[in-house]
Amino acid sequence: MKREYEEFKVRINGLVAMAQKVPEDGWTMQDGSPWPGNNVRDHPGMIQVFLGHNGVHDVEGHELPRLVYVSREKRPGFDHHKKAGAMNSLVRVSAIISNAPYMLNVDCDHYINNSKALREAMCFMMDPTSGKKICYVQFPQRFDGIDRHDRYSNRNVVFFDINMKGLDGIQGPIYVGTGCVFRRQALYGYDAPVKKKPPGRTCNCLPRWCCCCFRSKKKNKKSKSKSNEKKKSKEASKQIHALENIEEGIEGIDNEKSALMPQIKFEKKFGQSSVFIAATLMEDGGVPKGASSASLLKEAIHVISCGYEDKTEWGKEIGWIYGSVTEDILTGFKMHCHGWRSVYCMPKVPAFKGSAPINLSDRLHQVLRWALGSVEILLSRHCPIWYGYGCGLKWLERFSYINSVVYPLTSIPLIAYCTLPAVCLLTGKFIVPAISNYASIIFMALFISIAATGILEMQWGGVGIHDWWRNEQFWVIGGASSHLFALFQGLLKVLAGVNTNFTVTSKAADDGGFSELYLFKWTSLLIPPMTLLIINIIGVVVGISDAINNGYETWGPLFGKLFFALWVIVHLYPFLKGLLGKQDRLPTIIVVWSILLASVLTLLWVRINPFVSKRWHCFRNLRVEL
């Protein structure tokens, strides 16, 4: 088996190497004609069915699932909405070709590590009591190729093992973009099914055998049964009418205007495809009978054209929502607003595994993209602060979504707090004023409660102190760099219309040596953390030198200032190691920019020193003149 696997691996690697060598004239088809996809930015929609309805069977005689290659139409001048647009195209094509009631979303840099985990997701979806209200089952993200110490907190276990598990007790976890099983009907913008309440009495008389109660109950039951029958008959008539239109369209018979009138609302919502509209009405999935494969493929090509989504609700109320580079948060938020619930599934064997950016610059750019998407949502109409009231979104779930979009704003106070210890050491003043004993007791009680909460969360989520500390360190590093840049870029994009380029984050190579961990890539995101690091180191040196010159009386107040400065330096230590790499020296460009910025800030502080009174300034100037 090992020999066969190695031979299979050699064949796959050979195909990959051959595919990377693009011919000068581009790829050609089997008949010698040029492949339409040679120009990746300008080509028609393409669909290739490898395994169709009459697919091949495995060794045990089971029919293999469908395997279809889809490439949506790309034309210059059209906004294709990146990943969200691609996912919506796949939703429409799959609805026409197979129309399965459940879908699995896995990114291209992830793979299935535990195939049995999908059965666990189906157990939630097909639960007879609460399964109908579940829109998706989210699995945690696990990664390969991360260094042993997880220097840049790529595992993110605090979020996946604590925060997401906590959300599972409210209305469910947020959608994180991969490793998720969806209910197809939830992506179509439908509301979650409402649980029927048992009928109650209509009067306040005590005996249950009261005639008025009995009669009213009978009347209510009869009226409810009649209304339910009417609703079911209407839904059935809609589905039958849509299917009839499909069959007529397939056979080439022109439909009359009166027959198309009921579909106008569906076309404004889903687009002008009767086949796809009929598929949305099939809750249990399935392909309409009587439709030929050729007609279905023709319709599938139509739904991935550039102009199909024009004047429809795709990307607004249906499918993956547009308007942010983090379309996953928006998509899950819209589903929860429709009253759906999500579930967090954590099997012992990870369901999916992927690769993560272990390089410092790539990791910061990844965090920048996430934070930029949060800022875009914060400044959009879909902001959870003011969107979705009066719907099925619970208040605690709303707070979690608000927390997921406002966190880039914390970069400003974070940078201020990281700068204050150096200011205290450079000026000899302590920023925190003297407080009373009562206030100090309240402060200590709050501090102890926060620490106790953190410890309980770690014990409950099974997170070790090392993972927690790495998460705290990178929160400071990312907050001082990526979150700050994302805040300004988001303001420029929303208010001034200045668009930022989206780049796919490069991931770690499977070479086993962590070579990219020590690779230095210049980016402006490195300047703010390095400036904070240099300012605090200078502050520590100045504070200790001043204490040595002034005697032992100044050592007591110095320890408090040194503690906060060293606390900042310790948090930024992984950042310093990332800059050093394998060599024990900093890149020259980082040193020059950081020292220049630190010098400017120091001179500016000396010029406007707020801790020295104007009288002392006049006396000092007079002494200098004398």
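User: Why is K83 called partly exposed?

Analyst: In this predicted model, K83 has a relative accessible area of 28%.

User: What makes D107 partly exposed?

Analyst: The relative accessibility of D107 is 24%. D107 is found in the loop between β3 (102-105) and β4 (110-112).

User: How do you know that K83 and D107 gather at one spot?

Analyst: UniProt, in an unreviewed entry, lists K83 and D107 under "binding site". The two positions span 25 residues in sequence, yet their C-alpha atoms are not more than 10.0 Å apart, so they gather at one spot.

User: What joins the side chains of D107 and K83?

Analyst: A polar contact of 3.1 Å joins them. The cut-off for such a pair of N or O atoms is 3.5 Å, and the value of 3.1 Å is within it, so the term applies. Apart from residues up to four places away in sequence, D107 touches K83, G177 and T178. With its own neighbours within four places left aside, K83 is in contact with D107, G177 and E327.

User: Why is D328 called buried?

Analyst: D328 has 14% relative accessibility. The value is under 20%, and therefore D328 counts as buried. D328 is found in helix α11. Residues up to four places away in sequence not being counted, D328 touches Y175, V176 and G177. The C-alpha atoms of D328 and V176 are separated by 5.7 Å, although the two residues are 152 residues apart along the chain.

User: What is the phi of K311, and why is K311 called exposed?

Analyst: K311 is a residue other than glycine with a positive phi near 60°. Its relative accessibility is 81%; this is over 50%, so K311 counts as exposed. K311 is found in the loop between α10 (293-303) and α11 (327-337).

User: Which residues have the most contacts inside the largest nonpolar core?

Analyst: They are Y136, F182, F276 and W320, in a core of 55 residues. Helix α2 supplies the largest share of this core, 7 residues. A second, separate core has 31 residues, among them L526, A547, L558 and V568.

User: What does W320 contact beyond its neighbours within four places in sequence?

Analyst: W320 is in contact with residues including A84, M87, N88, V91, F182 and E327.

User: What makes β4 and β6 edge strands?

Analyst: The open sheet has 3 strands in the order β4-β9-β6, with mixed pairing. β4 and β6 (142-144) each pair on one side only, and are the edge strands. Neighbouring strands of this sheet are turned by 35° against each other on average, direction ignored.

User: How do you know that β4 and β9 pair?

Analyst: At least two bridges are needed for two strands to pair. β4 and β9 (residues 352-355) have 3 bridges, so they pair, in the antiparallel sense. I112 stands opposite F352 in β9.

User: What share of the chain is buried, and how many helices and strands are there?

Analyst: Buried residues make up 38% of the 626 residues. The chain has 22 helices and 9 strands. Of the contacts in the chain with a separation of 6 or more, 77% are between residues 24 or more positions apart.

Note on methods: Residues are numbered from 1 along each chain as its sequence is written. This is a predicted model: local features need pLDDT of at least 70, side-chain atom pairs count only at pLDDT 80 or more; totals for chains, interfaces and linings use all residues. Side-chain values use heavy atoms; hydrogens and water are left out. UniProt positions are given in the numbering used here, feature names are shortened, and annotations may be inferred rather than shown by experiment. Buried means under 20% relative accessible area, exposed over 50%, partly exposed in between (1.4 Å probe, protein chains only). Contact means heavy atoms within 4.5 Å. Helices (H or I, at least four residues) and strands (E, at least two) are DSSP runs, numbered from the N terminus. A polar contact is a pair of N or O atoms within 3.5 Å; within protein, one must be able to donate a hydrogen and the other to accept it, and residues adjacent in sequence count only if both atoms are side-chain atoms. A nonpolar core is a set of buried Ala, Val, Leu, Ile, Met, Phe, Trp, Tyr and Cys residues joined through side-chain atoms within 4.5 Å. Axes are lines fitted to C-alpha atoms, for helices over the stretch in contact, and angles run from 0 to 180 degrees between N-to-C directions.
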